Amino acid sequence: MTRAPRVPGIFALAFALFALGGCAGFAGFAERTEHLDAYDESRGYRYERLDKTDNKDDLFVILAFSGGGTRAAAFSYGVLEALRDTTVEIDGKPRNLLGEVDVISSVSGGSFTTAYYGLYGNDIFVEGGRFQKNFLYHDVQADLIYKLFNPYNWVRLASPVFGRIELASELYQKLLFGDATFQDLERHRRKPFIMINATDMVKGSQFTFTQSQFDPICADLSRFPIARAVAASSNFPLAFSPLAINSYPGTCSYAEPVWVQQALGDLPANPRRYYRARMLRTYQETDRRYVHLLDGGVADNIGLRGPLTSIRSGDVDWSVLRKINLEEIKKLVVIVVDARNEVKSGFDKSPKAPGTLAVVNAIATTPLDNYSFDSIELLQDILRRRDDAQRSQPDLHQVQIYRIYVGFDQIMDDAEREAFLATKTSFDLPRERVDALRRKGAELLRQSACFQKLIHPAPTGTGGAATRGCP
Amino acid sequence: MDEYVKVLFPTQRQVRVDGEAGGFTNKIFQVETGNHVFDLGPKKNYRPEQRECMVKGTLPEKPMIIAFERVDDE
């Protein structure tokens, strides 16, 4: 007898929402995105506007949180807890490592942890506090389905300007983020810089909720609700309708960065840069009045693409490469928290063709996993090349590089590893599983040899490999 | 793709790459492969005003050399 195929939790939700709300699934557009009256680089949510008094750039820590529903949120939460409990010595003074984090880039499930920490800092760790009670240990999935079953919402969903994603946005507002907007992040000016990533459905590229992304479309991120950004980032295809934001290109005296014109001549030499420039140009096309956003995982399910560009290019506004060249960074730490799972289907035990839902699942998740793997490899390649270059050319600024990967496949015990890898993608996990994910995130980080090297550096003067990082 | 440049000038000062502070004169620094505009910032005591270069095929040990000449302050 063959085992019935297991349908991942998020797909059960997708099916329910799609089936129930399918006929009313117009692209959601309940709230207008504010127009940016005048482009101004000195305003808005940008890395360079954050306060660097207590967290300078010399130790530059980037976290990348993957998607994966509550599994990803809890796993990344455990990593934050471990960083909170870790002390490093900076200029002879002990400093809390979490307080040294400069950037968190995330997608989907990881974006809940990122956004909440970005907004409320250490309040995220309050036992039984809002984040734990209303999200980590809460059946968010049931709330979403309840909202869809509510006849009041059927009427709203019948409107062509109200989609299923609006229900999710409202729920996240109620549960976690209230009326908080990016202006709240601007006001407290506290690091880390949070990069909540969605996917531009039409262009298939990453779309990050930062003012520099909003500049070419002349939209003001300041009054954009955090709950909507998180909803866009975790906007799982089919389960929700795309989230639309207004675009007002050509109406704010936007000054295109100098690199764009240069990069448009780079197709033969550097196609990646050429297409980055082309992409930025498309946001300035005056007939593009809306940007429709899907789950950030569609373009990059590990939240690493933005940091990768920043590390190898001077073109982005928070370029790590420029900070290295300007000798502002002494140690660069990149921690990738990858909650990728491997749910066994059992299809290969039977000649019976897998059903449509299973096929959709495979189409939706397999490319994401492959792309994530490539991103991690690319990070390793870029950082190792830099390290090699520094060794062969002492005139280059010598930055110590630490690349730390936290993922279930690093669990040594076979049964335990399989159990974590089998954790479904869902917004409803049992309490024990959430606890286990938190513990495992912290434990895997602490077990990392590179992490240990970071927090217990070799004494100065020991020279050679001992003073190098672990790229 | 990684490229390496060294911008020569009689004194040490910041180099702008594509309009943004991107390195220092007389020190090797890394840029992305492609076309870039190099200048030395708003204090215009140098010539030429800028250099547009395709930076490609360099190595850390063999960076592209870009030279600016010092002129009297205007």
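A word on conventions comes before the tour. Residues are numbered from 1 along each chain as its sequence is written, while chains are lettered from A and ligands numbered from 1 in the order in which they are written. Since the model is predicted, local features need pLDDT of at least 70 and side-chain atom pairs count only at pLDDT 80 or more, whereas totals for chains, interfaces and linings use all residues.

Let us begin with chain B. Its secondary structure comes to zero helices and nine strands; here helices (H or I, at least four residues) and strands (E, at least two) are DSSP runs, numbered from the N terminus. Along the principal axes, the C-alpha atoms of chain B fill a box of roughly 40 × 20 × 15 Å.

How much of chain B is buried? Of its 74 residues, 36% count as buried. A residue is buried if 20 or more other C-beta atoms lie within 10 Å of its own, exposed if 12 or fewer, and partly exposed in between, with C-beta atoms placed from the backbone. Contacts tell another part of the story: residues 24 or more positions apart account for 50% of the contacts in chain B with a separation of 6 or more. Two residues are in contact if their C-beta atoms, placed from the backbone, lie within 7 Å.

Next come the nonpolar cores, each a set of buried Ala, Val, Leu, Ile, Met, Phe, Trp, Tyr and Cys residues joined through C-beta atoms within 7 Å. The largest has 118 residues, and those with the most contacts inside it are A115(A), V333(A), V336(A) and V337(A). Helix 2 (residues 69-84) of chain A gives this core its largest share, nine residues. A second, separate core has 14 residues, among them V31(B), F38(B), V55(B) and F68(B). Back in chain A, V333(A) is in contact with F60(A), V61(A), I62(A), Y402(A), I404(A) and L454(A), leaving aside its neighbours within four places in sequence.

Helix 2 is mostly covered, with 14 of its 16 residues buried. L80(A) has its place in this helix and is buried, with 26 other C-beta atoms within 10 Å. Leaving aside neighbours within four places in sequence, L80(A) is in contact with L98(A), T113(A) and Y117(A).

Another helix to find is helix 15 (residues 356-392) of chain A, whose 37 residues reach 54 Å from first C-alpha to last, close to the 54 Å expected. Its buried residues include N361(A), L368(A), S372(A) and R386(A).

Where do the two chains touch? In all, 23 residues of chain A are in contact with 24 residues of chain B. Helix 11 (258-263), helix 14 (320-325) and helix 15 of chain A each supply at least two residues of the side of chain A that touches chain B. Helix 11 gives the most to that side, with four residues.

Finally, look at some backbone details. Most residues other than glycine have a negative phi, and most peptide bonds are trans. The peptide bond from K191(A) to P192(A), however, is cis, with omega near 5°, and a cis peptide bond also joins R47(B) and P48(B), with omega about -10°. C218(A) has a positive phi of about 50° although it is not a glycine, and with 23 C-beta neighbours inside 10 Å it counts as buried. In chain B, D18(B) has a positive phi of about 55° and lies in the loop between strand 2 (14-17) and strand 3 (20-24).

Definitions and conventions: Expected span 1.5 Å × (residues − 1).
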